[in-house]
Amino acid sequence: MTALNELSIAEAGRKLRAGEITSTALTQASLSRIAALEPTLDAFVTVTRERALADAVRADAELAAGVDRGPLHGIPYALKDIYATAGIRTTNHSRLFADQIPAEDCTVAAKLATGGGVLVGKAGTFEFAIGGPSFDLITPPARNPWDTSRSTSGSSSGSAAAVAAGMVRLAMGSDTGGSIRGPAAHCGTVGLKATYGRVSRRGIFPLSFTLDHAGPLTWSVEDTALTMQVIAGHDPLDPASADVPVPDFTAGIGQDLAGLKIGYARSFFAANPITSAEVLAALDKAAETIAGLGAEVVEVELPTYELFEACGRVILIGEAYAIHEQDLKSRPFAYGRYAYQRFAPGAVLSAADMVQAFRLRAELTSIVNDRVFKSCDAMITASALTEAAPFANFAHDVQRWVGMYTIPFNVTGNPALSLPTGFSAGGLPLGMQIVGKPFDEATTLRIGAAYEAAAGWTSIRPTLESAIAA
Amino acid sequence: MPDKAFDQEITALLAAAGLQVPPDLAAGVYSEARDLRRITSLLRGPRTAAAEPSNIFSLARYAPAGDAK
């Protein structure tokens with residue numbers, strides 16, 4: 001029999017409804033695994049044990065009474081600690097908010113609660129979703145379950161560690177330049193940055209207003225699709241929220257890929273000397289697998305990564321600086337080293353720089369959607385160019401951003417799904433992105449699920465028994 | 001190799017913004033600032049004066065009832 005912590009959301013949901021398991025048992029298993037692994041992984045800032053157990057009892061009682069709140073009913077999950085949660089400390093992983101207890105849930109937390117989910121805790125992040133991995137914050141950075149001497153990447157670091165380690169099946173993250181997809185790639189999980197405007201960001205502490213996305217990290221593509229069904233939808237309280245219909249995100253799960261034309265942006269990342277041979281080989285193999293599932297795969301060209309990076313980074317730092325301007329002046333010592341060193345340079349950007357960045361953004365968005373998505377249903381490319389980095393590689397001062405090819409789709413707003421493509425020789429996860437047309441997450445999930453089933457990487461999980469035994 | 005004149009310009013911009021950079025954080029701030037300034041040159045491709053930015057605001061939500069969307 002499959003252990004409770006190994007059940008997917010879909011499997012757990014079926015067993016809950018058949019009366020074979022209870023939410024209370026699922027939640028106790030989740031809390032036990034968190035208690036056993038947290039000293040090793042540092043995935044959480046706050047664990048909400050009592051509330052979780054009470055919510056699980058309520059979820060069981062409702063199911064017994066015939067009240068079914070949907071696919072996440074009774075499922076334990078975690079929220080990145082920038083998601084405001086009523087009555088629960090929300091720190092942004094920063095000393096500046098170490099004691100903040102919001103009065104209201106953010107929209108996504110409210111939707112998950114209404115959907116019957118069981119919140120087990122607030123997952124660690126890089127400070128304000130950018131400054132990390134840092135050891136000078138309120139709790140240490142999350143460690144990679146595949147090799148605890150390595151970073152998870154960030155900034156949804158605790159979310160990725162918690163999912164990869166089987167503490168939860170679902171953890172919500174946020175993605176401004178790749179903060180869902182990078183940790184997903186480096187921790188061997190699935191992570192979706194949906195289309196800009198698809199998931200509300202209201203109540204999630206902003207990093208960059210026009211680049212921020214909220215989204216899930218899970219073990220499987222189907223679980224991501226089930227989560228999207230609960231969290232997607234128009235929110236008039238988020239100015240960027242799109243008033244568009246919410247589709248059935250699971251509609252394509254289980255289908256083959258016949259009839260789809262998929263672009264492979266190979267030269268886009270292969271030309272970068274940082275790209276490891278293992279990442280390139282894994283992507284080439286994934287493209288072959290996808291073609292074998294019935295899709296037509298064609299190589300496509302994108303503008304150079306450096307243009308996307310310049311555009312995205314100037315917007316990100318410019319907007320972040322505006323958010324933090326007063327605190328950077330009045331209490332610089334409250335920030336961790338890396339966050340301060342990322343934010344303060346925003347002061348050297350000019351108004352013209354910002355306007356030119358937004359003009360370039362419009363041009364790049366047009367090129368991607370007109371050049372690639374006029375003829376292709378989706379596109380694949382690398383998520384990260386290398387395996388996860390050892391903590392020892394991070395210098396005293398903040399370094400240039402390298403090795404992640406995710407920010408282009410924050411710039412354009414297209415949906416992008418990261419999922420595992422295998423392992424390096426050292427046994428560390430590698431990943432790819434499946435990028436879709438705006439608001440066509442369903443096709444990216446269809447492709448992801450078909451590839452996932454064919455490739456079989458999801459069945460390989462990190463070995464953490466020694467940590468549990470200790 | 002840091003350019004001294006360029007660093008003086010960064011110092012002036014940080015001061016004008018009202019930031020007093022803690023000395024032990026200065027190296028990282030200047031390194032990041034230099035790199036940010038470097039990449040701003042990539043933003044300035046050929047484009048017409050009429051090319052509007054992507055975040056141009058919209059009044060659609062304030063349209064008379066029935067016309068919104």
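The model is predicted.

**Helix α9 of chain A**
- The helix runs over residues 277-292, and its end C-alpha atoms are 22 Å apart, which agrees with the 22 Å that its 16 residues should span at 1.5 Å a residue.
- Its buried residues are Val279(A), Leu280(A), Ala282(A), Leu283(A), Ala286(A), Ala287(A) and Ile290(A).
- Because these residues cover an arc of only 160 degrees around the axis, they are on the same side of α9(A).
- Ala277(A), Lys285(A), Glu288(A) and Gly292(A), on the other side of the helix, are exposed.

**Asp81(A)**
- This residue lies in the loop between β2 (76-80) and α4 (107-114) of chain A.
- Asp81(A) has a relative accessible area of 0%, so it is buried.
- Leaving aside residues up to four places away in sequence, Asp81(A) touches Val45(A), Arg89(A), Thr90(A), Thr91(A), Asn92(A), His93(A), Lys122(A) and Ala123(A).

**Interface of chain B and chain A**
- Chain B contributes 34 residues in contact with 39 residues of chain A.
- About 3100 Å² is buried between the two chains, with carbon and sulfur atoms giving 61% of that area.
- There are 12 residue pairs in polar contact across the interface.
- The interface also has 6 salt bridges.
- Asp24(B) and Arg337(A) meet through their side chains in a salt bridge, at 3.3 Å from N to O.
- On the side of chain B that touches chain A, the elements giving two or more residues are α1 (4-16) and α2 (26-40) of chain B.
- Of the elements on that side, α2(B) gives the most, with 11 residues.

Conventions: Residues numbered from 1 in each chain as written. Chains lettered and ligands numbered in written order. Predicted model: local features only at pLDDT ≥ 70, side-chain atom pairs only at ≥ 80, totals over all residues. Heavy atoms only, no water. Helix = DSSP H or I, 4+ residues; strand = E, 2+ residues; numbered from the N terminus. Expected span 1.5 Å × (residues − 1). Buried < 20%, exposed > 50% of the residue type's maximum accessible area, 1.4 Å probe, protein only. Arc of directions from axis to C-beta. Contact = heavy atoms within 4.5 Å. Buried area = accessible area lost by both parts, 1.4 Å probe. Salt bridge = Lys/Arg side-chain N within 4 Å of Asp/Glu carboxyl O. Polar contact = N/O pair within 3.5 Å; in protein donor to acceptor, adjacent residues only side chain to side chain.
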